[in-house]
Amino acid sequence: MRPKDLSSAAILRQKAEQQLKDLQSRTNSLSSETDLLKLIHELQVHQIELEMQNEALVVAKEKVEIAEAKYTELYDFAPSGYLSLTKDGDITELNFAAAKMLGKNRLELMNKRFVLFTSHDTRAIFNHFFDRVCTGEEKQTCDITIETEGNSPIYVTVEGIVSPNKKICNLILVDITERKRLENQLQGSLHYLKNIIDAVALPIFVKNETHQFCLANHALCEMFNMPLEKIIGTTGFEYLQEDQLKVFITKDKEVFETGQENTNEEVFTDVKGNVSIIVTKKTLYTDVMGTKFLVGVINDITERKKAEQEAIRFTEAIKRQNAELIDFTNIIAHNLRAPLVNISLLIDYLEESKDDTEKRSLMGMVKPILLDLMSEFDVLVESIQVSYDKKIKKDKIILDDCLATILKGFEIQINACGAEIKHDFTKVPVLYFPTNYIKSIFSNLISNALKYQSPDRKLIITIKTEKINNAIVLSVADNGLGINLERYKSKIFKIRKTFHKHQDARGFGLFMTRTQVEAMGGKIWVESQLNEGSIFFIEFKNTSI
Amino acid sequence: MKTRKIFLVDDDKFFVMLMMKGINKTNFDGQTVSFDDSVDVLEFLKENVGNKDALPDIILLDLNMPTMDGWEFLEEYKTLYPQIVKEIRIYVMSSSNSPFDLARVKTNSLVSDYIIKPISQEKLIEIISG
């Protein structure tokens, strides 16, 4: 400001001299006293004017001095360090804060090279920064460490700009040691936290309100089969299965909306296609800024689930075997004992009898009773063999061919009653099952349909295979007499149970069929309406070899 | 005195033949009718609920029969019983000595006794003489 003041003072003087010149020239031409008086008056006014101007100047000067003192004080005692360096990097001016940072008094620091106070590892950074300050017009910034003897290092952010005349570089130093310390502490805490959650075997994650992962531990990365950096910041849209992600996000939303903890059992498929069953517990976390986060902990229960299912299967197998055993005991008690009772009675009577004709007639009964016993015995033995022969070989059954063979055996009966047999194996043409069993199953079901046909209509038997829920289902439907299921439902597949008055009904066929189907892990059931017909269904389990 | 009647209900034709012989030996002077299916007996009883002459005095009922077993017969008989004008003694016969069946018989007031086959001549006399 001063040079400008000076130049305006010079202008003022020029003006004044000019005015005086004008006055003198006019004075020379004064011709009257009136003019003289006028001149004196003007001079007096001018004098007062000058005095007033002088007074204003004194006031202005005082103001400037006060301002200068104020700014000098502000400069000297500012909390940030102010430094002016020559282009060579020598200190020409600095305030107390800067001096304090450099650990010496101001006088000692004059003309010292600033760069010598920077730490070795940040010196290059500073030099680069200083070059840019000197050559550019833009403000530059860098972080450096100041190291002086006997003092602990000070971390500073330096801002610098070159002066308008490009001779001086002005720097501002802000002490960020405390901030740095807090940052380090925070970093340390984060590192500590990361180590802890990485040490936890359960997958842990944190999501923000837009469902992006903000944090994930090592176990989660392993579970996802993905590196951490590919998880953080994503919602999982790119690598999780759509339907599963939908479930996860629905639960996230519930927790964000209600603030309530949520535990959910879900299915998870990783990028490699491994499927597991997990339980995810999600809780809401709100930080000091009011930002909501979701903290999730995952428990993989696949193994437990497997074990549970195994236990259920095992229990079921035991239950089934137990039921079979009870059935079997009953069968032995009733069915095998009955013919033995007859034989013992027969012998009693034989012993008592004195009549030869009677004796002959009694003797004649022995053979049929024994044959009865034998056939019953054979069925039971066969059923045990079927039930326990788990290693029986499965054959590749071409259903069309297999059925054709069976139907050949029934040719006479079919022709005699004019039955129509339809079949459709297009949906499942091939089956893996023991040949003898499938033949026996076809024979029993077809023979039943023939045996129990309605006298009122032509018999139509429809045989087909279908795929229902991944299982193969064979059905044999007829339009025969039908079965009163209300009465016989519980007995239909049991031994020596019949549901029609029929001389050939012995109650072995469906019992054998059920035994064969169940021995192979399948199921058999029936739907029927009296006088409309029956449909027998067989579901084959695990039909590959 | 009216002719006494025994209904023998069992699907085992050999057992029926032998029982017929046994009953004859007891000098039973009445009539013995055999049924191989309890459904037929039930139908007969339904048709003759009020006919004292046609109704039997004794029913010898096998438990293990293919179409309708002895238990099912007894269930049906229970609903029919109030209309029957004659007191009929029912003896359950079984080739098994199953404790389960025995317990079940004991709770059934319609059954006079549970007999395990074979039936001795003495037991048969006891039954017939009432």
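**Close-up views of a predicted model**

Figure 1. The structure shown is a predicted model, and one cavity of 30 Å³ or more is counted in it. The lining of the largest cavity is made up of 13 residues, of which Phe205(A), Phe213(A), Phe224(A), Phe248(A) and Ile298(A) are the closest to the centre. Sorted by class, the lining holds nine nonpolar, one polar and three charged residues. At least two lining residues come from each of four elements of chain A, namely β6 (204-207), α7 (218-224), β8 (262-269) and β9 (275-286). The largest share is that of β9(A), with three residues.

**Figure 2. The crossing of helices α14 and α16 in chain A.** Helix α14 (residues 435-451) of chain A and helix α16 (residues 509-519) of chain A have axes that come within 9 Å and cross at roughly 150°. The crossing of α14(A) and α16(A) is left-handed. On the side of α14(A), the contact is formed by Tyr437(A), Ser440(A), Ile441(A), Asn444(A), Leu445(A) and Asn448(A). From α16(A), the contributing residues are Gly509(A), Leu510(A), Met512(A), Thr513(A), Gln516(A) and Val517(A). Six of the residues in the contact of α14(A) with α16(A) are nonpolar and six are polar, while no charged residue takes part.

**Figure 3. Strand β1 of chain A and its pairing with β2 and β5.** Strand β1 (residues 81-86) of chain A runs antiparallel to strand β5 (residues 168-175) of chain A, and six bridges join the two. Within this pairing, Leu85(A) lies opposite Cys169(A) of β5(A). β1(A) also pairs with strand β2 (residues 91-94) of chain A, in the antiparallel sense and over three bridges. Here Leu83(A) has Leu94(A) of β2(A) as its bridge partner. β1(A) and β2(A) form a hairpin with four residues between them, and in the turn Gly89(A) has a positive phi of about 95°.

**Figure 4. The parallel sheet of chain B.** In chain B, five strands make up an open sheet with parallel pairing, in the order β2-β1-β3-β4-β5. Strands β2 (31-35) and β5 (111-116) of chain B are at the edges and have a single partner strand each, so one side of each is left without a neighbour in the sheet. From one strand to the next, the twist averages 20°. Strand β3 (residues 58-62) of chain B pairs with strand β4 (residues 89-94) of chain B in the parallel sense, over five bridges. Ile59(B) has Ile90(B) in β4(B) as its bridge partner.

Methods:
Residues are numbered from 1 along each chain as its sequence is written. Chains are lettered from A and ligands numbered from 1 in the order in which they are written. This is a predicted model: local features need pLDDT of at least 70, side-chain atom pairs count only at pLDDT 80 or more; totals for chains, interfaces and linings use all residues. Side-chain values use heavy atoms; hydrogens and water are left out. Two strands pair if DSSP finds at least two bridges between them. Axes are lines fitted to C-alpha atoms, for helices over the stretch in contact, and angles run from 0 to 180 degrees between N-to-C directions. A crossing is left-handed if the near helix is turned anticlockwise from the far one by less than a right angle, and right-handed if clockwise. Contact means heavy atoms within 4.5 Å. Ala, Val, Leu, Ile, Met, Phe, Trp, Tyr, Cys and Pro count as nonpolar, Asp, Glu, Lys and Arg as charged, and the others, Gly among them, as polar. On a 1 Å grid over the protein atoms alone, a cavity is a set of points where a 1.4 Å probe fits but cannot get out, and a pocket is an open set with protein on both sides within 12 Å along at least five of seven lines; lining residues have an atom within 4 Å of a point. Grid points are joined across faces, edges and corners, and a volume is the space filled by probe spheres set on the points.
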